[in-house]
Amino acid sequence: MKRRAIFICLIALLAVLPMGIAQADGHCEFADYTITIGGLAPLSAPGAVAGGVAMDWAFNQAADDINADCGVAIDGVNYMLDVVTGDSEGSPERGQAVTERLIQEDGVDAMVGVYHSAVGLATMGMLEANQIPTVFSEPWNDNVSANGILEYDGQPPRFEDGIDHVFRISPASSMVGSVVVDWLLSLGVDDVVMIVENTDYGQPAAADEAARFEAAGATVSKIDVELGTEDFVPILSRIQARAEAPDVIRILVTGETSFNLTQQMSELGIAPSEDTICVTNQFAFQSDQYWATVPDGNYCAFNRVGIIPSLFSDAAVELNAKYEEAWGDIIPSFAMASYDAVHILKDSMERAGSYSDAAAIVGAIEAVDIELSQGRYYFDYGSHNPDLPEGTPAFMWHQWPDPIVTVMQYYETGQSGLEAAVVYPEVYQTHGTGYIVPGTSP
Amino acid sequence: MVYLRQIESRIDQGIGRRRLGYIVLGLIILFFLWFPNDTSQSNYAKTVFISGFFYAIMSSSWALLAGIAGQFSFGHMAFMGIGAYVAGLIARDGIMFATLGIAITPESFSAIGSIIIGTLVAGLVGLVIGWLLLRLRAAYLALFTIAFSELFRIMMLTEYDYTGGSNGLSLRPLLQIADVDTARQVEYYLMFALLIVCLLVMHWVANSPIGLFLRAMREDEDAASALGVNVVRYKILIFVFTSMIVGLAGAIFYSDVGSERIIPEQLEVLQMSLIIAYAVIGGMESLIGAAAGAFISRYMLEAMREVVISLPFGLTTADGGDAFVWETGAWRFALFGVVMVFTLRYMRNGLLYPFITWFSGRDLAMKETVSKRDGDGDDIVEPMGADDE
C-alpha cells in the first residue's frame, strides 16, 4: 500500500514538474493586460482553406516568437501578445461578421489578414469606422490600398476622408501583371500561346498579358480550359499540329490542373523544348508537389511573388525552417507576409508608445522602417505624405512599394524551389542568365 | 354521444394549445423586438441575428416551393443572386435600351428603386424558368435548376468587367446612417420586419385555396389536373412568387444591410445545400419550422466556431489556461451533418415538427383521422342527433 502511494505521488510529481518548469522558463515579466491582434483568414469552405491555415500558422508563430522575446515593450512594460484568428470562409458577409466579433467581443487592438480580396474590400469600412490599425498580407485587388478612391464598381467612396487605418504589404494586382510579359519580350518572343483557366483569375490575367504582348507586336492565341480537366491531349494536339511551334506556352491555370497540363505538355515534347519556352503557374514553386506530378517538367519557368530564396535573410531562413518542420514544404509568400504583418504591428505599437491609441499606431506604421523576413518595410504614401505625384497609381497609398515579383526556372529534375534559378528581373538573377535553354546547365 | 364529447374535448384541447402557441409566438416576437435594445448585446450578436433572418427567409420560401408545392429546386440562391446583382448593376450603370436609344442614368435610381427592379427581374427570370420547368419533375427538375444556378454563377464569375468577379459587387447602401450602433439597430429591425412580412404573405398563400392546389399538385400532379387544378398556372405562379421573395431578400441584404457586397461563391451549390439542410432540419412542410430551423442553425454554426470548456476545481491546462478552447473550423459543419443525418433518419418532418404540431393541435386531428381509418368501434362517429332518438 505504501509503495503504491509513493508511486502515485511520483507520477503526480512528474506530471506537475513540466508545468513548473514551463513557468520558470519565462524570463520576462508580463503586464496583466494581453495585447490582442485579430487575424482574418479562410479556415473553412468556400474559402481557400490551405492558404488560411498557413496564414493562421504564421500569425501564431509570430506571436510565439514575439512572446519568447518578452512580448511588446511599451514604456518599459512588457505585454504578452495574442492573435485570435477568425474564419472568414472567404465570404464578405462572414468576413464582416467575424471582423465585428473580433472588434466587439474579443476587443482586438489591431488586425491582420486577409486572403481574399473580396473580404478585404468588404471589411475595410468596418475597420475604418472602428479605427482598428490593420495590415493586410495577401489581398491583391488594387482598391484594397487605394484609399477608397477607386471603388472597383465605380461607386463613390464610402468614407469621404479615405481609408486611413488599413495598410497592405502584399503586391497590388497591377504590380504583378507585367513581369512575365516583360521577361518574354526581352527574350524576343513574338508567337505566344496562352492556356487559360476559365475563372476570374485566369481570364483577366490573360486579357492583361495579351494586351501587353499585342502592344509589343506579338501574336497571341488563347485556349480556355476548365479547372479540374484531366486530359489535355486534344488541346495539346492542336498546338502540335501547327505549322510552326510557338515561341512560348504560357499556362494561366492554377493548382493540380496546372500540374496535369504541364506534365502532359512536357511528356508530348511540346514544351519546354528548344523551340518553345514553358511558363507554368507559380504553384510550381511548391517543388515537392510539382515534381511528384510533373516529373518531366524540367526547364519550365514560373513567376514567384515574394522574396526569392537566394535573397532570404537569416530571419527568412529561420522562418522557412519552422514552416518546413510544421508543413513539410517551402513557406509561401503570404505566410511570410502574415508573419511580418504581426511584427510590423508590434514594432509600431512600441514606437507609438501605446497599444490602444489608433492614431498614434497608424502614424507609427506610416513611419515604419524595419527589416523583416520579406525585406525592408516602409510606406511612401499616407497621411504623412498624402500627395501622390502625377502618374503614381492610387493603390500606392498605404502600400509597401517593394514586394518582389520574379521569374524562376528549374534546371535540374527534382530540384527544390529554393534552388531554382532566378532569370528575371536582371537585378535578381542568380545564375547570370535570362533563360536556361533546355538540355544545358547554367 | 360519448364520442362527440371526446371530439369536443379534443377540439377544446386543440384550441387551447393553439392559443398557447400564439402566446409563445408572441413572446418570441417580443424577444426579437427587445433584443437590440439589450445594451449587453454587441453589434456582432445583432449581425448574427440579421444573417439568421435572411437565411430564415431563404429557407422558408424554399419550404413553400419544395415542401408545400413539391418543386424541388436548387435554383433558389441563383434567384437571390439575380435580385442582388441586378440591383447593384442598375444602381451603378443604369439601364440602356440601345436599339431604342433610351438610356436611364444610375442617378435616376435610388437604392429602393434598384431593389424593386432587382426583385422584378428575379420574378421575370422565375417566370421563364418556371415555364421551362413545366414538363420536368423530381430529379430532372433538380438537375435543371442546378445547371441554371451554376450557369448564373459562372456568368457572374467570368464577366468580371461588369460584375467584379470574385472581388464581388458592391450594392448601393440602402441606409445611410453614420453611427454604427444605430445603423446596426435599424438594419436589424429592417431585416426582421422583412422576415415577418414574407412569412405572413407566404402563410397566407399556403393557407389559401392556392395552397390547397399546390399541395394537391405535390401529392399527385395528374390527379390534381384531372380535378380541375390549373397545374401550369400554379406551377409558374409559385416559381415567380418565391423567386421574387428571395430576389427581394437578396437585394436588401446585400445593400449593406447584412453584407457590403455579393460574390459568386455565395451562389455555389454548397450554399444552396445549406438552405435545404436548414429547411429539412426545421421542417420542410412548415414555413415557421423552416424559418426557425434556418435561424437556429445559423446561430449554432456561429456559436460553435469556438467551443470553450471550463475546467472545474481550479484545474488548469498545460499552458496555464482555465479552459480548453477548441477552434472548430470546418468541424462545426461535420457536427451539423450529424444533426442532418439524425433528422433524416428519425424525424423526417424536422426537429421542430413535434412542437409545431402540438401547439397547432394538429396531432389531435391526426389521431382522430388515424383512429377513424383503423375503424376502431369505439370511435365510430354517431350520426348527429342519433342519441336523441
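**T158(B).** I started by checking how exposed T158(B) is in this predicted model. I found 18 C-beta neighbours inside 10 Å for T158(B), so it counts as partly exposed. The cut-offs explain that call: buried needs 20 or more and exposed needs 12 or fewer. I then looked up where T158(B) sits, and the answer is helix 5 of chain B, residues 138–158.

**Chain A against chain B.** Next I went to the contact between the chains. I count 33 residues from chain A and 32 residues from chain B in it. Which helices of chain A each supply at least two residues to the side that touches chain B? I get helix 3 (92–104), helix 4 (117–129) and helix 6 (202–215). Helix 3 of chain A gives the most, with seven residues. Sorted by class, that side of chain A comes out as 12 nonpolar, 13 polar and eight charged residues.

**Domains of chain A.** Last, I looked inside chain A. The domain assignment puts 35–171 + 316–396 in domain 1, and 174–304 + 404–428 in domain 2. I have the centres of the two domains of chain A at 31 Å from each other, taken over C-alpha atoms. Their contact uses seven residues from domain 1 of chain A and 10 residues from domain 2 of chain A. What is the class make-up on the domain 1 side of chain A, where it touches domain 2 of chain A? I noted five nonpolar, two charged and no polar residues there.

Conventions:
Residues are numbered from 1 along each chain as its sequence is written. Chains are lettered from A and ligands numbered from 1 in the order in which they are written. This is a predicted model: local features need pLDDT of at least 70, side-chain atom pairs count only at pLDDT 80 or more; totals for chains, interfaces and linings use all residues. Two residues are in contact if their C-beta atoms, placed from the backbone, lie within 7 Å. Helices (H or I, at least four residues) and strands (E, at least two) are DSSP runs, numbered from the N terminus. Ala, Val, Leu, Ile, Met, Phe, Trp, Tyr, Cys and Pro count as nonpolar, Asp, Glu, Lys and Arg as charged, and the others, Gly among them, as polar. Domain bounds come from an automatic or database domain assignment.
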